[in-house]
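Colleague: I am new to this structure and would like a close look at a single part, the open sheet and the residues around that topic. Please take me through it in plain terms.

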Amino acid sequence: QVQLVESGGGLVQAGASLRLSCAASGRTFSTYAMGWFRQAPGKERDFVAIITWNVGSTYYTDSVKGRFTISRDNAKNTVYLQMNSLRPEDTAVYYCAARSTPLAAGGKYDYTRYNYWGQGTQVTVSS
């Protein structure tokens with residue numbers, strides 16, 4: 001099993017920055033990638049960004065490209081999401097996720113392909 005613990009959410013004004021952290025523990029060697037999804041009230045859980053543990057390949061949803069940066073610290077088994085130029089439409093619960101199948105197996109943007117989840121952290125951006 002893998003346990004994921006997020007931190008770093010909060011309430012900010014539009015244009016501000018936040019950094020989310022996700023610390024993994026347990027059988028982390030069994031995971032290939034970690035990343036972030038978000039879910040706004042009444043909406044589906046959407047892909048935000050992901051990074052692979054080995055070579056650090058990164059993928060982003062179009063709406064956050066140029067504003068968000070995902071990074072990893074392999075020694076700490078921790079993934080970060082630096083969020084700049086935040087917008088009200090970024091408001092959501094942000095979930096850390098990890099998968100035990102390679103991205104080459106498909107479904108990198110599909111939350112059902114991720115088998116480990118954190119508890120979620122609220123990000124609220126006011127206009």
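Modeller: A residue is called buried under 20% relative accessible area, exposed over 50% and partly exposed in between, with a 1.4 Å probe and protein chains only. The model is a predicted one, in which local features need pLDDT of at least 70 and side-chain atom pairs count only at pLDDT 80 or more, while totals for chains, interfaces and linings use all residues. Residues are numbered from 1 along each chain as its sequence is written, and side-chain values use heavy atoms, with hydrogens and water left out.

Strands here are DSSP runs of E with at least two residues, and helices are runs of H or I with at least four, numbered from the N terminus. Two strands pair if DSSP finds at least two bridges between them. On these terms, four strands form an open sheet in the order β1-β3-β8-β7, and their pairing is antiparallel. Because β1 (2–7) and β7 (68–73) stand at the edges with a single partner strand each, one side of each has no neighbour in the sheet. From one strand to the next, the twist averages 15°; axes for such angles are lines fitted to C-alpha atoms, for helices over the stretch in contact, and angles run from 0 to 180 degrees between N-to-C directions.

Strand β3 covers residues 18–26 and pairs with β1 in the antiparallel sense over six bridges. In this pairing, L4 stands opposite A24 of β3. β3 also pairs with β8 (residues 78–83), again antiparallel and over six bridges, and there R19 stands opposite Q82 in β8. In a regular strand, side chains alternate between the two faces of the sheet.

T52 belongs to another strand, β5 (residues 45–52). T52 counts as buried because its relative accessibility is 9%. Taking contact as heavy atoms within 4.5 Å, T52 touches Y32, A33, S57, R72 and L103, leaving aside residues up to four places away in sequence.
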